[in-house]
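Subject: Structure handover

Hello,

Here is the structure I said I would pass on. Please look through it alongside the notes below.

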Amino acid sequence: MSTPLNRLSPLSVRERSACMCRHGFACSSFEAGHALHLIQARIASATPTEWADAIVEHADAATGELRVRTLDGATRALWNSGGAALEAPAGTPIALHVRYGVLAVGRTQFNVALS
C-alpha cells in the first residue's frame, strides 16, 4: 500500500505562508508591494512607453503608503513594504509603470501595490 499524496492547492499554500517583512526581515514574497521579481523588472523595462513620470505628493515611511501625481494630473495611491517611502519622500520625481506595478526612484526599483 502506498502513502496517499497530500496535494495542497496554490491558494492554501499562499494563505499559510507569512512574508518575512511582517516580522522585520527582508521580503520573502513577490506579491504586489513586496519584493520585486526579476521577471517583473525585465518586462517593465521591455515596455518603455508605459512608464509615466510622476511626483510624490505624500510618503508615509511607517505604513509604506505613497501618493503620487503623474504629469497628466492623475493621482495614484501606492503601497510598498520594502522602503519605497523612505527612498522617495514628498517632492521626489519618480517613474511609475502602472501595468506591471513598478516604481522607479532613480535607478532603484520597487514592486508596488496600486489602489
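Predicted model: local features only at pLDDT ≥ 70, side-chain atom pairs only at ≥ 80, totals over all residues.

Residues are numbered from 1 along each chain as its sequence is written, and side-chain values use heavy atoms, with hydrogens and water left out.

The sheet

Helices (H or I, at least four residues) and strands (E, at least two) are DSSP runs, numbered from the N terminus. Two strands are taken to pair if DSSP finds at least two bridges between them. On that basis there is an open sheet of 7 strands, ordered S6-S5-S4-S1-S2-S3-S7, with antiparallel pairing. The edges are strand S6 (108–111) and strand S7 (113–114); each has a single partner strand, so one side of each is left without a neighbour in the sheet.

Strand S4 and its partners

Of the 5 residues of strand S4 (residues 93–97), 4 are buried, so the strand is largely enclosed by the rest of the structure. Buried here means under 20% relative accessible area, exposed over 50%, and partly exposed in between (1.4 Å probe, protein chains only). Strand S1 (residues 51–60) runs antiparallel to S4 and is joined to it by 5 bridges, with Trp51 opposite His97. S4 also pairs with strand S5 (residues 102–105), again in the antiparallel sense, over 3 bridges. In S5, Val102 is the bridge partner of His97, and Leu103 stands opposite Leu96. The hairpin of S4 and S5 has 4 residues between the strands, and Gly101 there takes a positive phi near 65 degrees.

Ala104

Ala104 belongs to strand S5 and is buried, at a relative accessible area of 11%. Leaving aside neighbours within four places in sequence, Ala104 is in contact (heavy atoms within 4.5 Å) with Trp51, Ile94, Ala95 and Gln109. Its C-alpha atom is 9.4 Å from that of Ala88, 16 residues apart along the chain.

Asn80

Asn80 sits in the loop between strand S3 (75–79) and helix H3 (84–87), and is buried with a relative accessible area of 3%. A polar atom of the Asn80 side chain lies 2.6 Å from the backbone nitrogen of Gly82. The side chain of Asn80 also reaches the backbone oxygen of Asn111, at 2.6 Å. Beyond neighbours within four places in sequence, the contacts of Asn80 include Gly33, His34, Gly64 and Phe110.

Regards

Technical notes:
Polar contact = N/O pair within 3.5 Å; in protein donor to acceptor, adjacent residues only side chain to side chain.
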